[in-house]
Structures are given as C-alpha cells and as structure tokens.
Amino acid sequence: MSSTELILIATLLSSLSGCPALMMPARSSLGQWIAIAMNVIGCTIGLVAVWSFLQNGSIEVTRIAAPISGFAFTFAVDGLSAFFLVPVLLVCGLASIYSLQYWPHHDSEHSANPRRVSLFLGTMTAAMIMLVIARDGIAFLFGWEAMAVSAYFLVAAEDHIASTRKAAWLYIAASHFATLCAFGVFALLYAQTGSFEYATVPGVTSVAAIAMAALGLVGFGTKAGLMPMHIWLPGAHASAPSHVSAVMSGVMIKMGIYGIFRVASFYPEIPLSWGMTTLVVGTISAILGVAFAIGQHDIKRLLAYHSIENVGIIVMGLGVALIGRAMHQPQWVLLGACGSLLHVWNHALFKSLLFFGAGSVIHRVGSRDLDIMGGLSRRMPQTATCFLIGAVAICGLPPLNGFVSELLIYLGLFGTIQMPMDPSPAGTPSASIASAAAFAAPGLALVGALAVACFVKVYGIVFLGASRSQQAAKARESGHAMTGPMMVLAGCCVLIGVVPLLFAPMLELATSTWAAADTGIAADVGGLHLANIAPLMAISVVAGILILLIGVGSMVLMRRVRTSPESGTWDCGYAAPSASMQYTSSSFAQWLVDLFAWALRPAVHLPVINTLFPADAEFESHVNDTVLEKAVKPTTKGLTWLFGLSRYLQQGSLQAYLLYILVIVIGLMLWNPTA
C-alpha cells in the first residue's frame with residue numbers, strides 16, 4: 001500500500017471519528033472515547049505514511065472520481081506536503097487526547113455540544129490532511145471549505161455567549177473571503193495551463209500570473225492571519241475551546257502558509273518585487289502582532305496575537321527565499337525556506353503547548369482574565385513548567401526550537417545585506433534588497449525583545465506572586481490527559497532545539513520540492529546541505545551545555561529552597577500587603593503600550609474623582625483591534641447604509657417595476673457602444 005493510500009485511510013478515519021457519538025446519548029463517555037480513539041489512530045497511520053514516504057521518496061499519485069462530472073480528485077505526497085502533514089497529524093492527535101478531560105461529554109457544562117466538538121474536530125483534521133495532499137485545485141478547495149466550515153462550528157461551540165457568536169460570524173466571513181480568493185487562484189491556474197492539476201505556469205509577466213500571485217497572498221494570507229487581514233483571528237482563537245484554539249493556531253492557520261508556498265511553487269521564476277513585498281509584509285505583521293499581544297488582558301487573545309507575530313516571522317523567511325530565487329542565490333533560498341518551514345513546525349509545537357497550558361489554567365480558574373490569576377506555579381507545577389518551556393521557545397531563546405528557525409532566517413537576512421553593491425546606488429536591485437533586509441533584520445530582533453517582555457508579563461502574572469482571586473487560590477493541577485500532551489510538545493521543543501541536524505534532510509527535501517519549478521536554481525538548491533551553511537552542530541553543542549547548566553542550577557536552587565527558612569518578602573513598609581498591590585496586566589505593559597500607541601490606540605477609562613472623600617473608583621484600559629474597530633467596522637456600516645438605499649426602489653408596485661424596465665430599455669436604445 002502506498003503512502004498516499006495510507007494517508008487517505010487516515011483521512012477517512014478522522015472524518016468519521018465523531019459519527020458514533022451522534023448515535024449515543026449526549027453525555028455518553030463511550031462516544032467520546034471512540035471519537036478520540038479513531039482520530040488518534042488515524043493521525044498515527046498518517047504519521048506512519050509520512051515516515052514511509054521519507055524512506056522510499058517516491059511520489060505516488062492516487063485519483064478518485066469527484067462528484068463533479070468530468071473531474072477527479074488527485075492526491076499525492078511530496079516533500080512539501082509531507083512536511084506540513086507532520087504538525088497537522090501530531091497536534092490534532094494530541095488535541096483529541098487533551099479534550100478527554102478539558103471538554104468531557106459527561107460534564108453538564110458542555111452537555112449541549114460535546115458531540116459537535118468531537119465530530120467537527122475530526123472533520124477539520126481530515127479536511128486539513130486532504131488539502132495538503134491534494135494535487136489539483138478541486139480537491140484543494142473541497143478540503144479548504146470543509147476545514148473552514150468545521151472550524152466555524154468549533155469556534156461557536158459555546159454559542160450561548162454573544163461574543164462567541166460574533167467571533168464565529170466574523171471568522172466565517174473572513175474564511176469565505178479567503179475561499180473566494182482561492183477560487184480565483186485555481187481559476188487563473190486553469191486559464192494558464194488548461195488544467196486544475198498543479199503545474200508550472202508559462203510565465204510571470206502576464207496579468208493572469210500576477211493576479212494569481214496577488215490573490216494567493218491576500219486569500220491565503222487572510223487564513224494565515226497576516227496583517228491587516230488578521231481581523232478574525234484574535235476573537236476566534238479566544239472564543240474556541242482551548243484544544244481547538246491549539247489546533248487552529250498550531251496548524252489550521254498554517255494551511256494559509258501552505259497555500260502561499262504551493263502557489264509560489266507554480267512559478268518558473270520569481271520577480272524581485274514579489275520577494276521584497278513578502279519580506280516587508282511579514283516584518284510589519286510580526287512587529288504589530290507582538291505589540292498588540294502586549295496590550296491584552298485575556299490570555300487566549302494574547303496568545304492569538306502572538307500567532308500573528310509568528311506567521312509574520314514565517315513569511316519573513318519565505319520572503320528571503322523568494323528574493324534568493326529572484327537573484328539566483330541558492331544559499332538564500334535554502335536558509336530562508338528552511339527557516340520559514342522549520343518555524344512552521346516550531347510554532348505548531350510551542351503555540352499548541354501554550355494554548356494547552358492556558359486551557360489548563362482556564363479549566364481550573366474559570367476565566368481567561370490574567371488579573372484574577374497568580375501564584376499558580378505552586379498549585380499547578382506541571383502546567384507551569386510546560387508553559388515556561390513554551391514561553392522560552394516562542395521568544396526564540398536557546399536551547400529550544402524557536403531559536404534555531406529564527407537563526408536560519410537571520411543568516412538569510414545577513415546574506416542579503418552582505419551582497420556586493422552595484423556601483424550606482426539608486427534603484428539597483430542590490431540596493432533595494434539591502435534596504436529591505438536592513439529593515440527586516442532589526443525588525444526581527446525587535447520582535448524577539450518584545451516577545452520576551454510579553455511572556456515575562458504573562459508568566460509572572462499567571463504563575464508567580466500571590467493568588468489574585470479565590471479561584472486561583474483553590475486551583476489544582478490538571479489531569480494526565482491534559483498534562484500528557486503538554487509534556488509531549490515540550491519534549492519536541494527541546495528535541496529540535498538540541499539536535500536540529502536530525503531534521504535537516506526533511507527541510508532540504510521540502511525546499512527542493514518547493515523550488516523544483518525554478519529550473520535556473522533548482523539544481524543548485526538540491527546540491528546544498530543545510531549543515532554546510534548553518535552551524536547546526538554548534539547549536540547542538542551550545543544547547544547541550546545550556547541544558548546541563550540549567551539542570552545543575554535548578555537542582556542547587558531546589559536544594560536551597562528546601563533548606564531555607566520561610567519569611568515574608570520585603571513589603572516596602574506596608575503593614576498589610578495584599579494581592580491587589582501586585583502589578584496588573586495593564587500596569588506591567590503600560591510603557592510598551594504607550595510606545596506603540598500610534599498603532600494600538602489604547603482605550604483608557606479614568607476614574608472620576610470630584611470630592612474630598614471619594615467612593616471606590618476603578619481604572620480600566622484595554623487594547624482593541626485597530627484594523628477591525630477603526631477600518632473594517634466603519635467601512636461595513638457605510639456599505640450597509642449605501643446598499644440600504646436600494647430598498648427605496650422596492651416599492652411593491654407593479655407600475656413602478658414597469659417604469660424601471662422602461663427606463664432601462666430606453667437607456668439601452670440610446671446607448672451606442674461604437675461611439
């Protein structure tokens with residue numbers, strides 16, 4: 001049996017995993033166990049199929065008759081699709097296990113929709129697998145729309161909450177906009193090649209080729225959450241159940257990244273302007289994503305904005321690779337594409353880990369508000385440790401995986417900056433590339449620094465200090481079904497950070513597959529080895545030393561803690577210190593929010609004090625999504641009003657409708673197209 005057929009079996013198992021529960025009572029645990037077992041088995045079979053493909057390397061095409069007459073679904077696994085399949089299968093399988101205790105069927109709190117969540121988590125898993133292994137536009141769009149609809153029902157799981165319903169509607173509206181763009185991409189592919197099957201387009205200068213690239217970036221960028229098309233993402237990720245948020249952030253938005261990579265693989269060459277545009281868009285998205293994250297009070301909205309940041313980093317790496325293809329620089333292609341692709345994996349791992357950790361906290365505290373948490377590291381030590389590993393990884397710090405992928409992107413950017421300059425400085429390609437890279441490299445450094453500041457805030461407020469509420473004071477560690485998947489993801493973060501050389505062959509295969517249509521550079525890219533142009537072995541040595549030092553230091557610290565006497569901390573002279581005297585989420589981040597106030601537009605509500613002895617007063621500040629609140633909503637309201645004027649034409653009078661027809665007929669008679 002071929003690897004493609006094995007993956008199709010995995011797709012079938014996942015798609016049907018929620019069906020048995022529909023025939024059982026809503027609170028039946030057996031239905032949930034069957035759904036979890038089928039989805040986990042399906043994901044395991046898929047991982048075995050990917051391993052089989054990597055061993056033999058042969059691309060085996062499978063065709064299945066489509067419900068549309070004259071068409072057939074075409075499926076195959078290549079280096080690029082195999083790479084994207086790994087996080088889909090791993091994260092979705094772990095999310096199913098996590099749901100056993102996070103979203104149990106027997107819990108009366110979720111009794112209205114437990115079967116819905118099990119059903120659509122399985123169908124979304126199957127849809128993502130399908131679109132990744134699709135080899136034609138019809139199969140891709142079928143999987144794409146199934147993924148979008150499944151995610152809609154998952155986001156709306158708690159549809160009795162008004163904000164959840166709004167987030168779900170905004171998500172489905174943005175998803176259908178992305179789907180419309182995807183239809184345009186494959187229609188233009190058909191117009192240029194005469195087929196919906198993936199193929200190399202004849203050129204890059206035609207209007208159809210340029211329009212296809214633009215629709216791909218906008219449509220798939222909307223699904224990925226690139227700014228300013230990200231408006232659906234924070235609300236959807238915050239409103240969905242936490243294990244669904246992990247799947248959406250960890251892998252679903254990567255389907256947008258996959259779409260951009262796949263469309264770029266159709267072109268035999270890449271104009272320099274496309275690569276530079278991609279690099280600049282990615283840099284802006286990364287910087288503003290982390291800036292918006294800093295201003296959030298809701299732990300899941302904060303993590304959602306970090307998804308926008310990391311998608312920006314991924315697109316930055318892709319921009320470096322596209323510039324490399326345009327300038328025929330195979331090292332830039334390999335460094336940029338490998339950094340981007342590895343960050344796809346890394347973000348899937350540490351962001352799913354962080355959402356699982358946030359879900360564990362929310363499950364025990366009962367709220368997403370940072371300011372009612374605190375002191376949870378003593379009560380939830382496993383969750384605190386795993387969340388800390390995810391926080392260090394997302395900040396791009398050694399010895400974890402985020403450092404490796406960002407280092408590859410840095411190396412690609414430094415290579416573009418060091419390119420020999422042309423004698424005439426103005427308007428030359430090398431000068432433009434150097435300018436873009438000089439903007440992107442410090443931008444990536446700024447993103448890393450802001451991410452550290454943000455997660456110092458999050459970890460300190462959630463896990464350190466004193467409990468800020470009774471719920472936090474009574475919290476206890478989550479069960480093994482929730483902590484187990486977190487430990488697996490944490491281990492993967494450590495593994496990639498310590499031995500990145502293990503994953504270099506798969507990165508090289510995916511990059512070679514992606515650049516195969518570019519005959520001018522494909523052979524050179526295929527002849528390079530990542531270990532020869534990036535210090536992967538040195539990374540392993542440094543990571544090993546750091547882990548050893550961290551381990552020894554932790555043991556010494558724990559021994560001292562056990563033997564040291566307990567006493568109160570310095571209270572600055574206050575006789576009765578309380579939890580309310582700690583930094584809040586707003587106060588900790590205020591100076592950074594003020595720094596980016598031009599983009600964040602923070603809303604501040606000051607207390608009104610006009611007496612000598614005022615009553616209790618409150619200060620409140622929050623950061624809304626500027627694009628949604630200042631651009632999309634006013635535009636939508638304006639269009640609604642404008643189209644609403646057409647209601648005056650609908651008089652319900654036959655005479656009025658006859659008059660409209662007469663006016664149109666007279667206009668057509670007077671119209672002379674040859675004039």
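A: Start with one term: a residue is called buried when its relative accessible area is under 20%, exposed when over 50%, and partly exposed in between. Asp78, at 2%, is therefore buried. Keep in mind that this is a predicted model.

Side chains of opposite charge can pair when their charged atoms come close. The structure holds seven such salt bridges. Here are some of them.

Take Asp78 again. Its side chain meets that of Arg262 in a salt bridge, N to O at 3.1 Å. Arg262 sits in helix α11, while Asp78 sits in the loop between β2 and α4, so the pair ties together parts that are 184 residues apart in sequence. Arg262 is buried too, because its relative accessibility is 6%.

Next comes Arg325. This residue forms a salt bridge with Asp518, and the closest N and O atoms are 3.1 Å apart. Arg325 belongs to helix α13 and Asp518 to the loop between α21 and α22, so parts 193 residues apart in sequence are tied together. Arg325 is buried at 1%. Asp518 is buried at 2%. Salt bridges with shared partners also join Asp78, Arg135 and Arg262 into one network.

Now look at Asp298 and Arg368. Their closest N and O atoms are 2.7 Å apart in a salt bridge. This pair links distant parts of the chain, 70 residues apart: Asp298 is in the loop between α12 and α13, and Arg368 is in the loop between α14 and α15. Asp298 counts as buried at 13%. Arg368, at 30%, is partly exposed.

Note on methods
Residues are numbered from 1 along each chain as its sequence is written. This is a predicted model: local features need pLDDT of at least 70, side-chain atom pairs count only at pLDDT 80 or more; totals for chains, interfaces and linings use all residues. Side-chain values use heavy atoms; hydrogens and water are left out. A salt bridge is a side-chain nitrogen of Lys or Arg within 4 Å of a carboxyl oxygen of Asp or Glu. Helices (H or I, at least four residues) and strands (E, at least two) are DSSP runs, numbered from the N terminus. Buried means under 20% relative accessible area, exposed over 50%, partly exposed in between (1.4 Å probe, protein chains only).
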